[in-house]
Number of protein chains: 2
Amino acid sequence: MRSVLAAAELPVDHPCAACDIRLRTFCKTLTAEELRRFKADGPTVTVGARQPLFHEGDPAELVFNLISGSAKLYKLLPDGRRQVTGFLFPGDFLGVAAGDEHAFTAETLEASEMCRFPRHRFEAFIEARPPMKRELYRMAMHELAAARQQMVLLGRKNAPERLASFLLLLLGRIGDAADRIALPMNRTDIADYLGLTKETVSRAFTAFKSAGTIRLLAGDVVEILDGARLETIASGASH
Amino acid sequence: MRSVLAAAELPVDHPCAACDIRLRTFCKTLTAEELRRFKADGPTVTVGARQPLFHEGDPAELVFNLISGSAKLYKLLPDGRRQVTGFLFPGDFLGVAAGDEHAFTAETLEASEMCRFPRHRFEAFIEARPPMKRELYRMAMHELAAARQQMVLLGRKNAPERLASFLLLLLGRIGDAADRIALPMNRTDIADYLGLTKETVSRAFTAFKSAGTIRLLAGDVVEILDGARLETIASGASH
DNA sequence: CGTCCTATTGAACAGATTCAATTACCGTGG
DNA sequence: CCACGGTAATTGAATCTGTTCAATAGGACG
């Protein structure tokens, strides 16, 4: 697990710093002045590792923007079976629900910082800014496309294909220049995201390691040695 | 398979008739005058059974509104494995893509009628109407919630649970007052939607039939005899 | 009434799960 | 600094659910 100190490396007195930097989210459509007011509305909070932000079924009252750290979203079946529907990284929004209730539980993976807005305030803010509305819509459509891609993974891919897809997704999201990924989630979380068990995930990791496709370094870091091979496997072309 | 004649039962000279009636889609936010102009923009086309409307990767140039009939959306892996990401029924929109290309293939299940709009025209129309924009966004969020629910199904439910979930979904969508569902799709389509094989789907149907939970009538009609039982199974509570 | 396609059923097989045991790792405290 | 303890990861073996391959039955339609 990545160090808890990672979250403290960002200045706390500059709440939405990540918004300025990360161009992935719709913060990018804000002018400097708008961004300033956006920040003023949302106080930054620091949350420890493995803390729930809200539960499935809770009234959707708050919207979060993750600044540092990471989180997972999941849904539960009555008997405890769990499906992780996504992982969140700096710049991501969460809690923008369709209805009045959250449709999933959100939980931090490591110590994390986030801006927190009352939902009505967030929505009023968005409503007054057509470009942000467009961006929010664009983001929703992007999420939808990703969700459908995940359906292909869950419905039709085998274990190695699932893990390869997952590693490539993470590589694009939090991979560094040396093709290394510091995994903030454990094997169980990965398994619950990929529709597998932790044992199967572990075996798939071992298989990739043995094949020289990846390397496992200390501190839950994965190094991608043969990205092209992973791409081939992930696409299902090697089946 | 349901008769091809079903599509012909709606008056052809009244293109978007379904829009007037079905309150599920965002057509409901239109005034009568707007609806008239909306229809004038989009000529109605009638398409035979099993006709592709567009393919994955095609430039997204057209937006469709299904008036009668039904369709399926799917994605393919290079080796032919298929994941059906959704079924569409009268009132549903399709082709509202995030990017310039369609992310999936759309194909009619039976003979179907639909309004067809050039995408830029559709977007200009929406852009000029804030309530419709809101509705489009609301629909996208609803789809996203459904997609995540489907992830739970594909990642964590067993075969009977998947089929039970599917039947209840269809019951809400196209079930009649007598709890009967005329299935427009075959076993393979259902299997590709549920991440199973057609054989497993067939066996699950047989098991429900034997248990007296459903009845299979002529013409691919399923009658739900014990909806409560299906609910229990679908939720995973009986596991 | 025969043909074709789909659905159903059967039997062997495979991939992932389950249960169990061992190993590795990280933080803690001596 | 190293031993210790607890958690997570890995590995192993048996099992099981769903798949695969094959054969039969059923229905729609000419």
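Chain A of this predicted model has a mean pLDDT of 85, and 82% of its residues reach 70 or more; pLDDT is the predictor's confidence in each residue, from 0 to 100. Over residues 1-28 of chain A the pLDDT is below 50, and beyond near neighbours in sequence this stretch has 55 contacts in the model (two residues are in contact if their C-beta atoms, placed from the backbone, lie within 7 Å). Where pLDDT is low, the predicted coordinates should not be read in detail.

**How to read the labels**
- Residues are numbered from 1 along each chain as its sequence is written, while chains are lettered from A and ligands numbered from 1 in the order in which they are written.
- In this predicted model, local features need pLDDT of at least 70 and side-chain atom pairs count only at pLDDT 80 or more, whereas totals for chains, interfaces and linings use all residues.

**Two copies**
- The same surface serves both copies, as 100% of the contact residues of chain B recur in chain A.

**Around the DNA**
- DNA strand D is surrounded by 18 residues, and the closest are A:Asn186, A:Ser202, A:Thr206, B:Asn158 and B:Thr200 (near means a C-beta atom, placed from the backbone, within 6 Å of the strand).
- Two or more residues each come from α6 (187-194) and α7 (198-210) of chain A and from α7 (198-210) of chain B; helices are DSSP runs (H or I, at least four residues) and strands likewise (E, at least two), numbered from the N terminus.
- α7(A) gives the largest share of the surface near DNA strand D, six residues.
- DNA strand C also has 18 residues around it, the closest being A:Asn158, A:Thr200, B:Asn186, B:Ser202 and B:Thr206.
- For the surface near DNA strand C, the largest share, six residues, comes from α7(B).

**A helix to look at: α5 of chain B**
- Helix α5 (residues 159-174) of chain B has 16 residues and reaches 22 Å from its first C-alpha to its last, close to the 22 Å expected at 1.5 Å a residue (1.5 Å times one less than the number of residues).
- Its buried residues include B:Pro160, B:Leu163, B:Phe166 and B:Leu170 (buried means 20 or more other C-beta atoms, placed from the backbone, within 10 Å of its own).
- Among the elements covering the buried residues of α5(B) are α4 (130-156), β9 (180-182) and α8 (227-235) of chain B.

Notes:
Buried ≥ 20, exposed ≤ 12 C-beta atoms within 10 Å, placed from the backbone.
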